[in-house]
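The following exercises ask the student to read a protein structure step by step. Each task is followed by a worked solution.

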Amino acid sequence: MGVLLQGFFFAPGKISGVPSPLDGDHTVPFWWDHLAAQANMLRRAGFSAIWLPPPQKGASGSLSSGYDLFDDYDLGGKDQKGTVPTRYGTREQLQRCAAMMRANGIDVYVDLVENQRDGDDGRFNFEYIDAFAQPAKGRFAKGPGDFHPHVPEDPGVFTDAFQFGRDLAPINGVPKNHCGDGLLNAADWLTRALDAQGYRLDNTKGVSTEFMLRLLRHGAMATRFAVGEFADGNASLIENWANTVQHRSSAFDFPLHFMLKDMCNNPGSFNMASLDHAGLAGSDPLGAVTFVENHDTDRGGVGGPIVRNKLLAYAYILTSEGYPCVFYRDYSTDEHCFALKDSIDRLIWIHEHLAEGGTLQRWKDGGVFAFERLGGGHLLVGLNKDSTTARTIQVQTGFPPNTELRDFTGHAPTVATDAHSAVTITIPKNDNGDGYVCYARPAQIGPFPANPIATIQDYEGASDLDIKPAVENKRVLVCRIFVQANTEIQARFFFDASHWTAATAIQVEVEDPGGKQLASQHFDRGSAQGTALRANAAKSGFHGFFMQAANTPAQNKTPGYKLSVTYTAPQTLM
């Protein structure tokens with residue numbers, strides 16, 4: 001099923017999220033570049049997907065973590081709220097980061113904030129600059145009719161108790177469909193701009209389930225993965241939400257998180273037997289995204305953080321059923337992080353190679369839980385909460401008689417099943433979370449392959465967006481893409497040819513990192529929409545797309561367009 005990395009955290013003492021050069025220290029890289037530099041390492045460790053924070057410009061500008069989302073169409077390319085880049089970087093850096101994740105075989109999930117917007121004029125009016133920096137001409141301006149309480153609460157909202165900004169009204173907003181269609185179109189645009197493979201859905205308690213279904217069935221979103229943040233310990237409520245959205249989205253397993261927090265923080269009073277088919281994953285493993293910590297719980301929200309024995313919780317989610325999500329701050333060796341990388345890397349290998357199929361409990365009492373994964377070659381897992389004493393248990397297994405079993409965590413010696421397929425194992429004491437073993441047939445441990453995948457990113461130019469439209473007699477930079485040497489670049493060109501005359505044309509050019517022209521193509525009103533421009537990259541690095549219009553008619557002086565660019569990025573930063 002893979003392993004997901006939550007690719008950000010909130011640094012201690014900062015309400016604004018990750019370290020950023022916008023705080024004044026220019027030795028700190030922008031976050032998009034910091035992640036891009038780690039893409040190959042993350043895939044070699046076994047991560048199959050990464051969850052990125054909300055990438056749009058927030059109301060608090062350089063301090064914004066993205067959840068106070070302001071402009072749906074500003075990915076760090078407009079001068080708004082006191083900054084051009086977001087806290088995480090520019091649009092170019094974001095798209096390079098996404099392309100490099102794909103070049104390493106990692107899926108990209110983007111955080112979608114569909115509950116609120118922030119940064120209005122105080123009267124629920126949202127206006128944005130356009131591609132020419134003209135005020136109040138950007139796409140998807142909003143007014144009071146797009147928000148509750150100016151219109152009735154939408155159907156299918158579980159609770160509106162948590163307000164993090166102006167509360168969007170995609171169903172009941174007026175004029176009808178202005179808000180809903182605007183949000184759908186913006187999410188579609190974002191998906192195509194990044195070539196996103198999935199979404200984390202923020203604060204789903206506050207978003208209409210009717211709208212959520214529309215969102216996840218619309219346009220580019222229709223086949224993508226989704227996981228919803230329904231922050232509640234009541235598994236029945238989460239299942240109710242999942243049923244209402246017709247299981248179009250998975251859900252984060254908050255009930256399991258709360259149980260694991262109790263196991264780690266208060267082991268003395270915790271009953272290990274309760275781990276048997278625990279949480280949402282216990283009843284719906286294919287619909288549950290399991291996690292130990294996230295950016296909210298780590299800061300004290302939603303019940304607070306796990307403060308001890310955290311590896312024992314990771315040993316559970318990375319060997320049991322469900323889709324596990326690792327928190328960046330727990331994993332990374334960065335400053336302010338907990339550097340559990342080596343132990344989690346071993347557990348990821350176990351998850352990806354050994355943890356398959358259904359689960360059968362093999363031992364459970366107040367202090368120890370042991371279970372067997374029945375798929376593939378089988379995996380026997382033992383967890384011990386006791387910080388002072390190791391536990392030795394004998395359990396029946398599904399392994400053949402007299403089979404040698406290796407503990408892949410390195411915590412215990414090799415053992416063998418007896419003539420009746422039973423085995424005696426010793427689970428070490430829970431010293432700072434190390435109270436676990438994972439037994440299977442011997443195998444060679446090694447890094448995961450990083451198989452490159454080409455990315456397809458759309459660059460749309462229009463006056464009301466962040467990229468300029470085609471301009472008469474002016475050479476305009478559309479974008480720069482980060483390309484691996486000796487790979488092909490293909491760009492399909494779609495353009496607004498309304499009112500064009502026989503003399504109207506657009507010239508599109510591609511340049512290599514040194515400014516050498518690699519390809520050029522002329523488009524007129526007779527050119528087929530989607531015609532491909534191709535070039536071969538001889539060097540790795542940024543390749544630029546430029547265009548210039550000629551003889552544009554008065555009725556369409558600055559034609560809009562879309563460049564759909566397919567390319568393969570390098571696997572590492574140079």
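**Exercise 1.** In which loop is Ser 64 found? Determine also whether Ser 64 is buried or exposed.

*Solution.* The structure is a predicted model, in which local features need pLDDT of at least 70, side-chain atom pairs count only at pLDDT 80 or more, and totals for chains, interfaces and linings use all residues. Residues are numbered from 1 along each chain as its sequence is written, and side-chain values use heavy atoms, with hydrogens and water left out.

Step 1. Ser 64 occupies the loop between strand 3 (57-58) and strand 4 (69-71). Helices (H or I, at least four residues) and strands (E, at least two) are DSSP runs, numbered from the N terminus.

Step 2. Ser 64 counts as buried because its relative accessibility is 3%. Buried means under 20% relative accessible area, exposed over 50%, and partly exposed in between (1.4 Å probe, protein chains only).

Step 3. Not counting residues up to four places away in sequence, Ser 64 touches Ser 16, Gly 58, Arg 87 and Tyr 88. Contact here means heavy atoms within 4.5 Å. The side chain of Ser 64 also reaches the backbone nitrogen of Gly 66 at 3.0 Å.

**Exercise 2.** Describe Arg 534 and its surroundings.

*Solution.* Step 1. Arg 534 belongs to strand 27 (residues 531-537). With a relative accessibility of 48%, Arg 534 is classed as partly exposed.

Step 2. Leaving aside neighbours within four places in sequence, Arg 534 is in contact with Glu 488, Ile 489, Gln 490 and Ala 519.

Step 3. The side chains of Arg 534 and Gln 490 form a polar contact at 2.9 Å. Such a contact is a pair of N or O atoms within 3.5 Å; within protein, one must be able to donate a hydrogen and the other to accept it, and residues adjacent in sequence count only if both atoms are side-chain atoms.

**Exercise 3.** Which residues of helix 10 are buried, and what covers them?

*Solution.* Step 1. Helix 10 (residues 341-353) has 13 residues and reaches 18 Å from its first C-alpha to its last, close to the 18 Å expected at 1.5 Å a residue. The expected span is 1.5 Å times one less than the number of residues.

Step 2. The buried residues of helix 10 include Ile 344, Asp 345, Leu 347 and Trp 349.

Step 3. Among the elements that cover the buried residues of helix 10 are helix 1 (31-45), helix 8 (310-317) and strand 16 (379-384).

**Exercise 4.** Which residues touch the most other members of the largest nonpolar core?

*Solution.* Step 1. A nonpolar core is a set of buried Ala, Val, Leu, Ile, Met, Phe, Trp, Tyr and Cys residues joined through side-chain atoms within 4.5 Å.

Step 2. The largest such core has 155 residues, of which Leu 215, Tyr 316, Leu 383 and Phe 545 touch the most other members. Helix 3 gives the most to this core, with nine residues.

Step 3. Tyr 316 touches, among others, Leu 256, His 277, Phe 369 and Leu 383.

**Exercise 5.** Identify two cis peptide bonds and locate their prolines.

*Solution.* Step 1. Most residues other than glycine have a negative phi, and most peptide bonds are trans.

Step 2. The bond from His 148 to Pro 149 is cis, with omega near 10 degrees; Pro 149 lies in the loop between strand 7 (147-148) and strand 8 (166-168).

Step 3. The bond from Val 174 to Pro 175 is cis, with omega near -5 degrees, and Pro 175 is in the loop between strand 8 and helix 3.
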